[in-house]
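Subject: Structure handover

Hello,

Here is the structure I said I would pass on. My notes on one part of it follow below.

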Amino acid sequence: MSETSSGEPSVVSSPDPDDDVLLAGRGDRAAYDRLVRPLLPELRAHCYRMLAASHDADDALQDALVKAWRRLGDFEGRSTLRTWLYTVATRSCIDLARARGRRAMPVDLGPASARSVVNDAPSGEIAWLGPYAGDLPHGTASPAARYEQREAVELAFVAALQHLPGNQRAALLLFDVLGFPAEEIATMMRTTTASVNSALQRARARVARRVPDPSQQATAREIGDDELRAVVERFTTALERRDTDALVDLVTEDVTWAMPPMPHWYAGLASVGDFAAQVPMGNCGSWRTLPTSVNAQPAVACYLCPDGAPAHGAWAITVLTLRDTRISGITSFLGAEHFTALGLPGELPPLAE
């Protein structure tokens, strides 16, 4: 709001989106930026679902935005700008996925280890699935969509998507998550409606075999915020006190623990308990933690201080998967870069004596 020469306030209206489309088509980059800015969170989330790594999602989104800007003359208004941008972003993701291959979790590499591997070393030869720390859009899908926006970034769902070919992955996300009609998806992917429906049928069957029910969102609603916080607090207390028994009391009989980029993983109470006792609760050093959220699931930022070190350094973002009020899955993403993406400090001072 500004003032006129008489001192009366005058209202400065926001640019009209239709005007911005015309201006952007004539080469006005500021108008283009205004048009795409509100769509960036949902486009980035879509790219992450397609590619399962935040840095790949950022690369694909940047590539798509540049391509869309350069090809804006091809946008004839027969669809919405949002549909146009999803078309370009999806094609960029499929191209990048084809070039870089699918992302994996340790469970994809082989059977679980029966005993703890104390000197496990990270594998740089594997393209690992990564955590998602971005903002999540709300209310962007149609009522026909099968998945909530938050459900569609849960670890189990994103990992399952990586087992689909690019066209099936795109069809499932565009239809079941974002709510685009099959006919529109066919145009976006330069194929037929029959091909889209066939891809959807195959993709749904494969994902259903890999994604447990209920979702983490449904579980969180069922147990409530207070109980969810209590589970996280009990987990962090057990870790900071290096109390293996307390941790074992929190988990299910079939619990799993994976630590990408470490290739070994553990399944079952005995195996996970042995790993916990030997490694994080063993001779690693002391721990400090901060609660956070990753992939729309409860998570814990774990800071490690080896014996004799002056501070606790960023070590792993640990994502918890719940079944009722117990932990059925622990996924620790090792690496300080994950803390940066979450806006978390790189180190914490030691606790006062």
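A residue is called buried here when its relative accessible area is under 20%. The model is predicted, and the notes concern helix H7, residues 166–177.

By that cut-off, the buried residues of H7 are Gln-168, Arg-169, Ala-170, Ala-171, Leu-172, Leu-173, Leu-174, Asp-176 and Val-177. That is nine of the twelve residues, so H7 is largely enclosed by the rest of the structure. Its buried residues pack against five listed helices: H3 (40–51), H5 (81–100), H6 (155–161), H8 (182–188) and H9 (193–210).

Just after H7, Gly-179 has a positive phi of about 80 degrees.

How do the axes of H5 and H7 cross? They come within 10 Å and cross at roughly 150 degrees. This makes H5 roughly antiparallel to H7, since angles over 145 degrees count as such. The crossing of H5 past H7 is right-handed.

On the H5 side, the contact is made by Tyr-86, Thr-90, Ile-94 and Ala-97. On the H7 side, Gly-166, Arg-169, Ala-170 and Leu-174 make the contact. Sorted by class, the contact has five nonpolar residues, two polar and one charged. Arg-169, Ala-170 and Leu-174 of H7 are in this contact and are also listed as buried.

Regards

Key
Residues numbered from 1 in each chain as written. Predicted model: local features only at pLDDT ≥ 70, side-chain atom pairs only at ≥ 80, totals over all residues. Heavy atoms only, no water. Helix = DSSP H or I, 4+ residues; strand = E, 2+ residues; numbered from the N terminus. Expected span 1.5 Å × (residues − 1). Buried < 20%, exposed > 50% of the residue type's maximum accessible area, 1.4 Å probe, protein only. Contact = heavy atoms within 4.5 Å. Axes fitted to C-alpha atoms, helices over the stretch in contact; angles between N-to-C directions. Parallel < 35°, antiparallel > 145°, perpendicular 65-115°, else oblique. Left-handed = near helix turned anticlockwise from the far one by under 90°. Nonpolar A, V, L, I, M, F, W, Y, C, P; charged D, E, K, R; others polar.
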